[in-house]
Amino acid sequence: METVLSGIRPTGNLHLGNYFGAVTNFVKMQHEFNCFFFIADLHSLTTHPTPQDLHGNVKKVLAEYLAAGIDPEIATLYVQSDVREIAELYLLMNMNAYIGELQRTTTFKEKIRTQPDNVNAGLLTYPVLMAADIIIHKANKVPVGKDQEQNLEMARKFANRFNVLYNIDCFPMPEPFNFGKALVKIPGLDGTGKMGKSDGNGIYLYEEPEAIRKKVMRAVTDTGPTEKNSKLTEPVKNLFAIMDVVSTHDTIKHFKEKYKDCTIRYGDLKKQLAEDIIKFTTPIRERIKEIESDEVYLSKVVKMGAEKAIASASKTLKEVKEIIGIKAF
Ligand code: TRP
C-alpha cells in the first residue's frame, strides 16, 4: 500500500474552504493509503511563536482535524517534535543540501521580504526539514498546494541525491498527490477568489452561529439581476457555490429560480445560507470543543501517534545511518 504524508502548519483554524478542500480528502484517504498526518510544530518555530501560542495552536489543530474525521486509530496522526528521528535525519540531510539552492527557494526569498528582521537559518533549511519529514516514512505521495510544490521538488532532489551518492535505492521519490476533481474549491465571502483567512472572507468550523450569521449577511453581492434568465454574477455565484455544499437540493433550486425570474432577495438567500452553514458546522464545532477540553483523550491520541510514527521513522533512520557509515562497533 502506498504511503501518503501531509504536514499541517499549526497556525490558524480550519475554515469551510480547508474542510471541503483538503480535509475531507484526508478523511477519505486514510482508508485507501497508509497515511501519516502530522503537525509541523518545529517548522513553525521559524516565526518565533510564544510558548503558549505554540502549544495552544498544536492542540487546536489536533482537535479540529480529529473533529473533522481523521481517525487516529487508522491514520498515524502525530506531532512532529515527538519524533526525534526527524530532527536527526534533518541534520544528516543538511550535509547534502547546498546553500545556493536553498537561497534560491521561492518560499525563502519571500520570507526575506516578509520577515526581514528574522531571517534565521531554520528558514533557509526549511525545505531540508520538510524533506526529512517526508522521506523518514518513505512517503510516495504528498498532497500539497501550489505554494508547497517547490519544497516537494526539493525533497525529491535531496532524496535522489542521497540515493545517487550512496548508490542505493533507499528513498522512493515523493510525488505530489493531486486530488483532481475531488478537490472542491470553496469561494470566500468577499466576492472574489477562494475562501481564505482575510477578514470576513472565511467561515471557520469553530465559529458560533451569531458570528456566522453576521459574516454571511455582510457577504458581497451586487444590485441583483434585472433581466430574466441572466447568468449568475461572480459574487452571487460564490454564495451559490457555498450553498452547493451545505444546503439541500430544494433550497438551491428555489433560489436559482428566484434569480432567474428576478424576484430574488439576497437578504433571504443569505439568511438561508447562514442557517444551512450553521446546521452543517454545529456538530463539528461541538466536537471540537469536546475534544479540546478532553486532555486525557488528546494525550492518548498524541501518544499513540508518536508510537506509530517513531516505529516507522526509527526503521528508516537506522537504515540511513548504516548506509552513511554510522555503525555500531
Ligand atoms: N511546509 C508545509 C506548509 O507550510 C507544512 C509541511 C511541513 C509539510 N512538512 C511537510 C507538508 C511535509 C507536506 C509534507 O504547509
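Student: Is E290 buried, partly exposed or exposed, and what is its relative accessible area?
Tutor: This is a predicted model, where local features need pLDDT of at least 70, side-chain atom pairs count only at pLDDT 80 or more, and totals for chains, interfaces and linings use all residues. Residues are numbered from 1 along each chain as its sequence is written, and side-chain values use heavy atoms, with hydrogens and water left out. Buried means under 20% relative accessible area, exposed means over 50%, and partly exposed is in between (1.4 Å probe, protein chains only). E290 is partly exposed, with a relative accessible area of 49%.

Student: Which residue does E290 form a salt bridge with?
Tutor: A salt bridge here is a side-chain nitrogen of Lys or Arg within 4 Å of a carboxyl oxygen of Asp or Glu. Helices (H or I, at least four residues) and strands (E, at least two) are DSSP runs, numbered from the N terminus. The two partners sit 3 residues apart in helix 13, so about one helical turn separates them. With the closest N and O atoms 3.5 Å apart, E290's partner is R287.

Student: How many residues apart in sequence are E2 and K141?
Tutor: Their side chains meet in a salt bridge at 3.1 Å, N to O. E2 lies in the segment before strand 1 (3-8) and K141 in strand 4 (residues 141-142), so the pair ties together parts whose separation in sequence is 139 residues.

Student: In the salt bridge of R285 with E208, is R285 buried or exposed?
Tutor: The closest N and O atoms of this pair are 3.8 Å apart. R285 is in helix 13 (residues 266-292), while E208 is in the loop between strand 5 (175-176) and helix 10 (209-217), 77 residues apart. E208 counts as partly exposed at 38% relative accessibility. R285, at 6%, counts as buried.

Student: Which residues are linked with E101 in a network of salt bridges?
Tutor: A search of the whole structure finds 16 salt bridges. In the network, E101 is linked with K157 and R161.

Student: How many residues of helix 8 are buried?
Tutor: Among the buried ones are Y126, P127 and D133. Helix 8 (residues 126-135) is largely enclosed by the rest of the structure, because its buried count is 10 of the 10 residues.
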